[in-house]
Amino acid sequence: MRLTRLVGSCDEGECPTLYLTDRGTLAVQGERVTEHGLRIPAHEALVEIPIELIRKAVRDNLI
């Protein structure tokens, strides 16, 4: 899978970031949420990103 960085909250690579994939989907990088009480399949993860990251992507017409 090829990822294109759309927007992030910093430039060091270890911060919440939104990517566009070559499959036409979005991938997110963020803090793993572990205390949520949900049943998440082993092949999935629940991550948390700032809402402002999505707002900026929409505002800048990236998605």
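Buried here means under 20% relative accessible area, exposed means over 50%, and partly exposed sits in between, using a 1.4 Å probe and protein chains only. This is a predicted model, where local features need pLDDT of at least 70, side-chain atom pairs count only at pLDDT 80 or more, and totals for chains, interfaces and linings use all residues. Numbering starts from 1 along each chain as its sequence is written, and side-chain values use heavy atoms, with hydrogens and water left out.

Strand 1 is joined to strand 2 by five bridges, and T4 has L20 as its bridge partner in strand 2.

| Strand | Residues |
|---|---|
| strand 2 | 17–21 |

Now for T21, which lies in strand 2. T21 counts as buried because its relative accessibility is 7%. Its side chain reaches the backbone nitrogen of R23 at 3.1 Å. Contact means heavy atoms within 4.5 Å; leaving aside neighbours within four places in sequence, T21 touches M1, R2, L3, L26 and A27.

L18 has contacts too, again leaving aside neighbours within four places in sequence, including T4, V28, I54 and I63.

Definitions and conventions
Pairing = 2+ DSSP bridges. Helix = DSSP H or I, 4+ residues; strand = E, 2+ residues; numbered from the N terminus. Polar contact = N/O pair within 3.5 Å; in protein donor to acceptor, adjacent residues only side chain to side chain.
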